[in-house]
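Below are my notes on the model, as numbered points. Terms are given their cut-offs where they come up.

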Amino acid sequence: MTAKILVVDDEPSVRALVRDILELDDYEVFEAKDGDEALERFRADHYDTVILDIMMPGISGLDVLREIRAGTDHPEGYTGSTSDTPVILLTAASDDDTTWEGWTSGASVFIAKPFDPSNLLEWLDRTVNRRLEQHFGPAEDEDLEGSGDLSAEFRGLSE
Amino acid sequence: MAEATPATDEQEHPGKSGVFTVVAVVLVAGLLAVALTGLVLSSVTIMPYYYEGDALWPYLLFLLFAAVAEVFYVPLRHGDAQEQLTFFEAVLLIGVLIFAPVIALVLPLVGFLVAGLALGLNTRKILFNLGSYALGSAALVLAYVVVFPDGGEFSVISVIGLLVGGMLFSGINMLLLAWILNADQGVPPGEFIREQWLMSLVMAVGSVGIAATAVALAQTTPVLTPFALLPAAALWLAYNSSAQQNAALERNRWIIRLNTAVSQPRSTTHMAENAAHALRRVFEADDICLMADGVTLRADEPGEQLEPHPPAELDHRLVSFATAQPRAIPTALLPPNWRSGVAVELVLADDERGALLLGATRRPAGLDRVLPWASGTWQLRDVDRPVLQALTASMAGALRAGQHLTALTEETAKLTAVVDHATNGIAVYGADGSVLMWSPAMATISAVPAADARAATAAPVLSLQELADSVRGTRGVNNAELAVVRDDGTSRDLNVSVVWIDDTGSSLGHNTAGALAILTVQDVTRERQAERAKSDFIATISHELRTPITPIKGYAQLLSTRWEQMPLAKREKVLRTISDKADHLSRLVDDLLLASNVSGSQGEAKLTIEPSDVPATELTDLAVAGFPDLRGRIERTDHDCVLRCDRDRAVQCLGNLISNAGKYSEPGSVIRVVTHPCEGESYVEIAVHDHGRGIPGDELGRVFDRFYRVEDPMTMTTGGSGLGLYISRELARAMNGDILAESTLGSGSVFTLRLPISRSPASGADTEAR
């Protein structure tokens, strides 16, 4: 089954670029041009990973992220497991404050624009396949990976 | 004994017109009285008199007596005026008893005049006394003749006549003296007469006694006649010692006043004003000079207050000449017009000296002037030397204190000026938290007037506790930047420093009980705003620059890694995107460069304008052509005319306005581009109307600011650099035009490009022909 990726960016050329990159690796790409559309799509469907811009008209990417993580007052399909959907922040705003805010809001990965497509693909592979934790920490984490309690680990990371 | 009344000591109040009037009236009245009396007495021979001989010497002796009587006077001070007690009346009475009444009347007056001139008395004094004596003498002689018309030996009647005459003489003199003292010194006449009447009476009786005794002795035992002078001498000595005692008392009072004057901290000028009069009085000097503190003070006229004088007038060697002991000033060093003087040193500081000079400008009056053994000049009396020395020392002390006080006052004034004009707000809080000082800048920054801040009722916008909490530190200076919301609702960014000091002014490390807090507040609102604008701009620019770079870099890397996997059409599309984005990036960089050029007002970096004649329609054509996607939405109203402008720049300006209209208005809404002439056909305006959200009034003026954008950069809806309108307006102005903005919130904005119409129709036609 192909993984479904939601790409949120107000800049059409960036959406097109991400689509071109991802489609070469057989991801199924869905686009949203702003925060409202992103949340609308997110609530309506399941995505394996969300690639999210921060500086957008209307609701900012960080607000979208917090909304996703909060997972409240939404119809079914947007509860429980949907709120820990991996979110890759893909943004030009890569200053320390924004990065920190991104992490504390529950971002899985932070990629600065302009970005290397291979990088994006590698991170995407990890988030989609829930192998994110492999990237962190010393060897003992490898053992934890073996325990299979991936979602608990992920939750811990994303808080 | 007679009472003489040389009234005004002319030193003190020169030039009083009232005094002149009195003198003139008295003189005229006196001379008239003498003339009339002389006329009456010479026409009627009513009584025999004692001497009718032909020899001249008794008359000369009588004249001499009159003159000498004037010389031996006893000075009596009345305020600033001096009265002189003399034996004139006694001489006059002797004359009445011996000579014909006219001789007795005129000779003493002549004697008085000779003595007055010889002694160098003041003219006014002589004239007043002459008039006063003349009136009194006429009254005396007339009274005696009327009471005792028969003449002959002494009898009760003749003694009564003498007493009546003497009393008339004394009374008239007393009244006239009261009059002139009142005119000159403001002495109440009633008071003066109450004080004087008894003495006048006693003197009248005494004079009669002396005269009668002398004449009686001469008649009976001529050998003993000179001894008749003894009671006069005794009386003179008694009066003299009494007068001297009075003078000493008076002088003591002046010394006390002088002491008070020099015991308080004074500036040199103040000191001089307070001490000058007393100094002159105590030491009987005509003039004083004070050389201290870089100023020299001297009165222009004797009796005037001391005033600063050009230092050149006083020889500055006097300062080094003066010693702690009063020294007589050598002639070479004397101040101008001085006849003699002494100098005393004033020790003002360890290395600073001044001098006090006392001296005389006039020749001495009285015997000192005529007696061969008198010095003829003013001298400091030996008894006065220690007094002067002591006074000078305490004067120097007061001047030193005065200098310190002046320095302190000046220092305080400077500090106050610094506080008042400092751009940083300064406030001082007392130990109880009350505001002790609130500088004008503080009032401006905090929007709390000083009066309100000091009043306990209005809590200053910066409460000490709040600040102390915010500005907590362990060092002497505690600094913090605070955002303060003022009473008027506006917010200011303030850089606040607090220093705690104790009451000696030493800095304390921290707030302790009883400490004063000195607050310095710098308003950094504008700086922070500029910083925010700058960081907003940098955030914007970095976002704007990254936006096209992202697809360029991403696609380039994609091509290099996945070339094989990509179909040809895809590769072409990707390469086109890269090219487009590179163009966009290039335009952005051009914009930035242009912006920095138009803002660089000096040097060759300033952008160049190449004006030519451009038809307005052509300009609009070119500008609109740049926006193919807006073509369907643009409605044009053209006006045929030729503009004088740089074609490319003008197109850039108008294009920017159209681009903005497209960006900021509802999709599909109409954009109207209206060309119309204005200002007497010398300008044409091309107005671009949109139907966007409009711009709030307070932001409308700022849309032309560099890097200013209506939206927050984090949520902006447009991809502008924040430079477009700024650049466009700068360009328009460089072409002698302008860009104007109007907006109605909710219904849209109008941005108008105004450009000058070409003034050469030929070239305009030429352009059109092309």
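Contact means heavy atoms within 4.5 Å. Axes are lines fitted to C-alpha atoms, for helices over the stretch in contact, and angles run from 0 to 180 degrees between N-to-C directions. Helices (H or I, at least four residues) and strands (E, at least two) are DSSP runs, numbered from the N terminus.

1. Basis. This is a predicted model, in which local features need pLDDT of at least 70 and side-chain atom pairs count only at pLDDT 80 or more, while totals for chains, interfaces and linings use all residues. Residues are numbered from 1 along each chain as its sequence is written, chains are lettered from A and ligands numbered from 1 in the order in which they are written, and side-chain values use heavy atoms, with hydrogens and water left out.

2. Chain A, overall. Seven helices and five strands make up the secondary structure of chain A. Along the sequence they follow the pattern β-α-β-α-β-α-β-α-β-α-α-α. Chain A has 159 residues, of which 50% count as buried (under 20% relative accessible area; exposed is over 50%, partly exposed in between, with a 1.4 Å probe and protein chains only). Among contacts in chain A with a separation of 6 or more, 60% are between residues 24 or more positions apart.

3. The sheet of chain A. Five strands form an open sheet with parallel pairing, in the order β2-β1-β3-β4-β5 of chain A; two strands pair if DSSP finds at least two bridges between them. β2 (28-32) and β5 of chain A are at the edges with a single partner strand each, so one side of each has no neighbour in the sheet. On average, neighbouring strands of this sheet are turned by 20° against each other, direction ignored.

4. Helices on that sheet. Helix α1 (residues 12-24) of chain A lies across β1 (4-8), β2, β3 and β4 of chain A, and runs at about 170° to β2(A). Helix α4 (residues 96-104) of chain A also packs on the sheet, where it touches β4 and β5 of chain A, and its direction makes about 155° with that of β5(A).

5. Strand β4(A). How many residues of strand β4 (residues 87-91) of chain A are buried? Five of the five are, so the strand is largely enclosed by the rest of the structure. A:V87, A:L89 and A:T91 are buried on one side, and A:I88 and A:L90 on the other. In a regular strand the side chains alternate between the two faces of the sheet. Strand β3 (residues 49-52) of chain A pairs with β4(A) in the parallel sense over three bridges, and A:I51 has A:I88 as its bridge partner. On strand β5 (residues 109-112) of chain A, four bridges join β4(A) in parallel, with A:L90 opposite A:I111.

6. Chain B, overall. Chain B has 22 helices and 21 strands. Of its 770 residues, 46% count as buried.

7. Helix pair in chain B. Helix α6 (residues 156-185) and helix α7 (residues 189-220) of chain B pack at an angle of about 150°, with axes 8 Å apart. The residues making the contact include B:L163, B:M167 and B:L181 of α6(B) and B:F192, B:W197 and B:V205 of α7(B). The residues of this contact divide into 17 nonpolar, five polar and no charged (Ala, Val, Leu, Ile, Met, Phe, Trp, Tyr, Cys and Pro count as nonpolar, Asp, Glu, Lys and Arg as charged, and the others, Gly among them, as polar).

8. B:L224 is in the loop between α7 and α8 (229-263) of chain B, and counts as partly exposed at 37% relative accessibility.

9. Sheet of chain B. An open sheet of five strands has the order β16-β18-β19-β21-β20 in chain B, with mixed pairing. Strand β19 (residues 683-689) and strand β21 (residues 748-756) of chain B run antiparallel and are joined by seven bridges; B:A687 stands opposite B:T752 in β21(B). Helix α21 (residues 724-734) of chain B packs on the sheet and touches β20 and β21 of chain B.

10. Helix α18(B). α18(B) lies across β16, β18 (671-678), β19 and β21 of chain B, at about 175° to β16(B). In this helix (residues 616-625), B:A616, B:L619, B:T620, B:A623 and B:V624 are buried.
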